[in-house]
Amino acid sequence: MSTDSARIDSYLFEPVKLGPLQLPNRIVMAPLTRSRAKEGDVPGELAIEYYAQRASAGLIIAEATQISPQGKGYVFTPGIYNDAQVQAWKRITDAVHEKGGRIFLQLWHVGRISHPSLQPGNALPVAPSAIKPEGQAYTDEGFVPLVTPRALETSEMAGIVEQYRVAAQNAKAAGFDGVEIHAANGYLLDQFLRDKTNRRTDQYGGSIENRARLLLEVADAVTSVWGSDRVGVRISPLSSFGDIADSNPEPLFTYVVQQLSARKLVYLHVIEGDTGGPRDVPGGFDLQVLREAFDGLFMANNGYDMELAQRTLKAKRADLIAFGRPFISNPDLVARLRSGAPLNEPDKDTMYGGGAEGYIDYPTMEQEAQR
Ligand code: PHB
């Protein structure tokens, strides 16, 4: 093999510094809802093995995790708002660290994508404005229609920011290496950003500056706990996931990203196109303008394979590539990509809920060779 082709093939496997952390490669495990948490929103025992198996990732971003009981929108998702949850997460982070890995937690408040049956006191879910999303909630009784949420009072906003700050502190106590603020996919922070869901007339609605205010206050609260070099943010500027849209996403997200960059956040995680769907969507804009507006690391996500990932890194259109579904079915995804080995396909029926099957039983290449 010529040195040139060796070099061309090596992009994903070049180390990179992420704040104080040295990542051995540029392959990130994207946050993935697996719906296997236990009573009290405590992550299940099997999650220890699941995440430890994937510790060769440059970085693991653990699944979306509610910052408060109000932030919950699906059955069986974990939380990070009480001691039992912190203790359970600590066993997970310890196991990942023992295997030489690094793990962030994704901080999540679903806003209107919830249902009274999942809320404390069967209350209505909260949102920027009382606008009902299309779609269904996944509850104890199965799928039920989403409801019209309650618009948050201006006086409640500081309390929302405080939920994020406390959750960030809890994530630190649980031994994570940092946190990702979930501002994507039509959940609470995204609902504030976009004008389809935010019709407020106070300082949290109207202008781009006002709609971005909550996210930036959350970023300030979370970096007050962690320092900016251990905090990333995930956005999905062109996604309609969660029945969301904006009339003019380019200036909105350009402003948001400039403000996050000024706060020196360590990475910007961008879902390109529609979440889990097409990378090119009508009415889109070139997301590279966001890379140019951001001084930290740019993490790209959505439907990447080896070829597209290498091409993207080579063209310097990203610094890190986050893989979602391939990490479900390939615990040794890094080794497989490095050797060009075939990938296992994920089984849709065991993605959400259940036990070990489809969770910790996908084989490594060595295990396959022994069969
Ligand atoms: C989900 O639980 O289906 C889910 C969670 C977080 C996301 C997207 C989907 O960002």
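Colleague: In β11, which residue is the bridge partner of I181?
Modeller: This is a predicted model, so keep that in mind throughout. Strand β10, residues 178–182, runs parallel to β11, and 4 bridges join the two. In β11, I181 has as its bridge partner V233.

Colleague: On the other pairing, which residue in β12 does R234 stand opposite?
Modeller: Strand β12 covers residues 267–271. It pairs with β11 in the parallel sense, over 4 bridges. R234 stands opposite a residue of β12, namely H269.

Colleague: Through which helix does the chain cross from β11 to β12?
Modeller: The path is a β-α-β crossover, and it is right-handed. The helix between the two strands spans residues 249–262. That helix is α7.

Colleague: Which helix lies across β5, β10 and β11?
Modeller: Look for residues 208–226. This helix runs at about 170° to β10. The helix is α6.

Colleague: T223 sits where, buried or exposed, and with what relative accessible area?
Modeller: T223 is found in helix α6. Buried means under 20% relative accessible area. T223 falls under that cut-off, so it counts as buried, with a value of 18%.

Colleague: Which residue's backbone oxygen does the side chain of T223 reach?
Modeller: Start with the contacts of T223. Leaving out residues up to four places away in sequence, T223 touches S228, V231 and L265. At 2.8 Å, the T223 side chain reaches the backbone oxygen of A219.

Colleague: What order do the 8 strands of the barrel follow?
Modeller: The pairing is parallel, and the strands close into a barrel. Neighbouring strands of this sheet are turned by 25° against each other on average, direction ignored. The order is β3-β4-β5-β10-β11-β12-β13-β14.

Colleague: In β13, which residue is the bridge partner of L268?
Modeller: Strand β13 takes in residues 297–301. It runs parallel to β12, with 5 bridges joining them. The β13 partner of L268 is F298.

Colleague: In β14, which residue is the bridge partner of V28?
Modeller: Strand β3, residues 27–29, pairs with β14 in the parallel sense over 3 bridges. On the β13 side, 3 bridges also join β13 to β14 in parallel, and there N301 has A322 as its partner. V28 is likewise bridged to A322.

Colleague: Through which helix does the chain cross from β13 to β14?
Modeller: This β-α-β crossover is right-handed. The helix covers residues 306–314. It is α9.

Colleague: Which residues of strand β14 are buried?
Modeller: Both faces of the strand, residues 320–323, are covered. L320 and A322 are on one side.

Colleague: How far is a polar side-chain atom of N185 from an oxygen atom of the ligand?
Modeller: The ligand is surrounded by T33, Y74, W108, H182, N185, Y187 and F241. A polar side-chain atom of T33 lies 2.9 Å from a ligand oxygen, and an N or O atom in the H182 side chain is 2.7 Å from one. For N185, the distance is 2.5 Å.

Methods. Residues are numbered from 1 along each chain as its sequence is written. This is a predicted model: local features need pLDDT of at least 70, side-chain atom pairs count only at pLDDT 80 or more; totals for chains, interfaces and linings use all residues. Side-chain values use heavy atoms; hydrogens and water are left out. Two strands pair if DSSP finds at least two bridges between them. A crossover is right-handed if, with the strands pointing away from the viewer, the path from the first strand over the helix to the second runs clockwise. Axes are lines fitted to C-alpha atoms, for helices over the stretch in contact, and angles run from 0 to 180 degrees between N-to-C directions. Contact means heavy atoms within 4.5 Å. Buried means under 20% relative accessible area, exposed over 50%, partly exposed in between (1.4 Å probe, protein chains only). A polar contact is a pair of N or O atoms within 3.5 Å; within protein, one must be able to donate a hydrogen and the other to accept it, and residues adjacent in sequence count only if both atoms are side-chain atoms. A residue is near a molecule or strand if one of its heavy atoms lies within 4 Å of it.
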